[in-house]
Amino acid sequence: MRCLIVEDNKIVTLGIRKTFESEFPDIIIDTAENGQEALDQLKKSNQSELPFFILLDINMPVMNGIEFLIEMKKIEKLSYIPTIIHTTSSSAEDYFKCKTLGVSGYFVKHIDFKE
């Protein structure tokens, strides 16, 4: 099983990776630092290389999470991949945009990483 973490903060990515590796040692973790990088990776992937789910930040440079979702949903082989938003944004507008785009979950990251 594969997971794609799309997150521009390397410390957050490292924390998520360590958690997954300790709790789910068989999972293969791929990463991208922005939506465009993630989209490029996914487009090049064959069916067996596609992630089981995507953990997606909203606020990123180049292509943010909402822009990524819009583009991803246009590509048939990617449109079904469950996507979970993890963001510092508690904005109702962001939440509803993401839900409208079919995300599977939405949670707000704590500013204090230890929390």
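Where is the place of E7? Keep that in mind while we go through the fold.

1. A word on the model: it is predicted, so local features need pLDDT of at least 70 and side-chain atom pairs count only at pLDDT 80 or more, while totals for chains, interfaces and linings use all residues. Residues are numbered from 1 along each chain as its sequence is written, and side-chain values use heavy atoms, with hydrogens and water left out.

2. Five strands form an open sheet in the order 2-1-3-4-5, with parallel pairing. Strand 2 (28-32) and strand 5 (105-108) sit at the edges with a single partner strand each, so one side of each has no neighbour in the sheet. From one strand to the next, the twist averages 20°. Two terms here: strands (E, at least two residues) and helices (H or I, at least four) are DSSP runs numbered from the N terminus, and two strands pair if DSSP finds at least two bridges between them.

3. Now strands 1 and 2. They pair in the parallel sense over five bridges, and I5 has T31 in strand 2 as its bridge partner. Right-handed means that, with the strands pointing away from you, the path from the first strand over the helix to the second runs clockwise.

4. Strand 4 (residues 83-87) pairs with strand 5 in the parallel sense over four bridges. I84 has G105 as its bridge partner, and H86 stands opposite F107. The chain gets from strand 4 to strand 5 through helix 5 (residues 92-100), and this β-α-β crossover is right-handed.

5. Look at both ends of helix 5. S91 caps the N-terminal end, with a side-chain oxygen 3.2 Å from the backbone nitrogen of E93. Just after the helix, G102 takes a positive phi of about 85°.

6. Back to the opening question: E7 is in the loop between strand 1 and helix 1. E7 is buried, with a relative accessible area of 2% (buried means under 20%, exposed over 50%, partly exposed in between, using a 1.4 Å probe and protein chains only). The side chain of E7 reaches the backbone nitrogen of N9 at 2.9 Å. Not counting residues up to four places away in sequence, E7 touches V12, T13, A32, E33, D57, M60, H86 and K109; contact means heavy atoms within 4.5 Å.

Definitions and conventions
Axes are lines fitted to C-alpha atoms, for helices over the stretch in contact, and angles run from 0 to 180 degrees between N-to-C directions. A polar contact is a pair of N or O atoms within 3.5 Å; within protein, one must be able to donate a hydrogen and the other to accept it, and residues adjacent in sequence count only if both atoms are side-chain atoms.
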